Amino acid sequence: YRVYGSFIPLQKSDVLKHLERKFNCNFSDRKNGIFPEVARCRTAIMQKPVPSFHVVYKKHTLTLDDLSTLADQNWLNDQVMNMYGELIMESADHKVHFLNSFFHRQLMTKGYDGVKRWTKQVDLFSKSLILVPIHLEVHWCLVTADNVGKKICIYDSQGNALQKVNILKYLMTEAKEKKQTAFENGWAKIPQQTNENDCGVFVLEYSRCLALGKPLQFSQKDIPKIRKRIYKELCDCKLHEQS
C-alpha cells in the first residue's frame, strides 16, 4: 500500500508471495482464510485514501486519481497513457517513439503547423517504429508507422478509426520539412486488429508488444491482469518481464 498508494494492482499471488517471504511458510492451503481478510482490509483502507500519493518520472507526475483509472473498467487518462509511453520508449532503447496523446488532437485542429515544433528534439526518421495513441471522442486507438516496412497500421478495438486518422499525411509533410525525400516512397496503409473493450489498455499493450518485438498474444480475458501490471510498472517507473 505504501509502494503503490492503493490495493488496485494487488493480485492474490502477490499476497501469498508476501506472506511466504515474511513468515518463511507455505500459505497456499490457507487461501480461504487469507483472501476474505485481505478483502476486508482493502475495503477499510479504500475508505481512507492517500491523496498525497504520487509518482514522478521525468516530466510526468501521476496522482492516485490518475492511477485509479487502471481500476475495474475505467477509461485510462492522458497522464497514464503518456507516462507509460515514456517507459515503453526507455525499454525499447529509444528505437521507438511514442507521440504524446495530445499530438493527434493538435494535428487535427491546427494542422501540421500546430505540431511542427513537437519534433524539434526528436528525429522521427531515425526510429524504427512510431506509436501514435489517438483519442476519438470516447474511444482510444493506436496508429503505428513502421519506418522499416514502410506501412501504416491501425489497431482499433471498434474498427471505425480508419476514416478519421491520417498520420501518413502528417509524416509526408514532416519528411518534406526535414528533407527526407527517400522516406516518402513505398508506403501502404493496413488496418489491423479487432478487440472489444478496454480500448486504452489495449492501446498500451499493443504499444508495448510492438515496441519490444513481442507477439500480440493477449485477449480480453487478460485485461484485468494487464491493468494491474501497468499500475505496478508506472509506480516502479520501469516495465516488468511478462509472466
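Predicted model: local features only at pLDDT ≥ 70, side-chain atom pairs only at ≥ 80, totals over all residues.
**Entry 1: the strand pair**

Two strands count as a pair if DSSP finds at least two bridges between them.

Next I looked at the turn. The hairpin of strand 1 and strand 2 has two residues between the strands, and Lys-58 takes a positive phi near 55° there.

**Entry 2: the faces of each strand**

Which residues of strand 1 are on its covered face? I found Val-55 and Tyr-57 there, while His-54 and Val-56 make up the uncovered face. Then I did strand 2 (residues 60-63): His-60 and Leu-62 are on the covered face, and Thr-61 and Thr-63 on the uncovered one.

**Entry 3: cysteines**

How many disulfides does a search of the whole structure find? My note says zero. I wanted a reason, and I took Cys-235 as my example. Its sulfur is 7.8 Å from the closest cysteine sulfur, in Cys-237, which is too far for a bond, because a disulfide needs the two sulfur atoms within 2.5 Å.

Is Cys-235 buried or exposed? It counts as buried, because its relative accessibility is 13% and the cut-off for buried is under 20%. Cys-41 is another one I looked up: at 29% relative accessibility, Cys-41 counts as partly exposed.

**Entry 4: the cavity**

A search of the whole structure finds one cavity of 30 Å³ or more, and the largest cavity has a volume of about 40 Å³.

What lines the largest cavity? I listed Asn-74, Trp-75, Leu-76, Trp-140, Asp-198, Cys-199, Gly-200, Val-201 and Arg-227. Helix 7 (residues 199-211) gives the largest share of this lining, three residues. By type, the lining residues divide into five nonpolar, two polar and two charged.

Conventions. Residues numbered from 1 in each chain as written. Heavy atoms only, no water. 1 Å grid on protein atoms, 1.4 Å probe; cavity = no way out; pocket = protein on both sides within 12 Å on 5 of 7 lines; lining within 4 Å. Points joined across faces, edges and corners; volume = space filled by probe spheres on them. Helix = DSSP H or I, 4+ residues; strand = E, 2+ residues; numbered from the N terminus. Nonpolar A, V, L, I, M, F, W, Y, C, P; charged D, E, K, R; others polar. Buried < 20%, exposed > 50% of the residue type's maximum accessible area, 1.4 Å probe, protein only.
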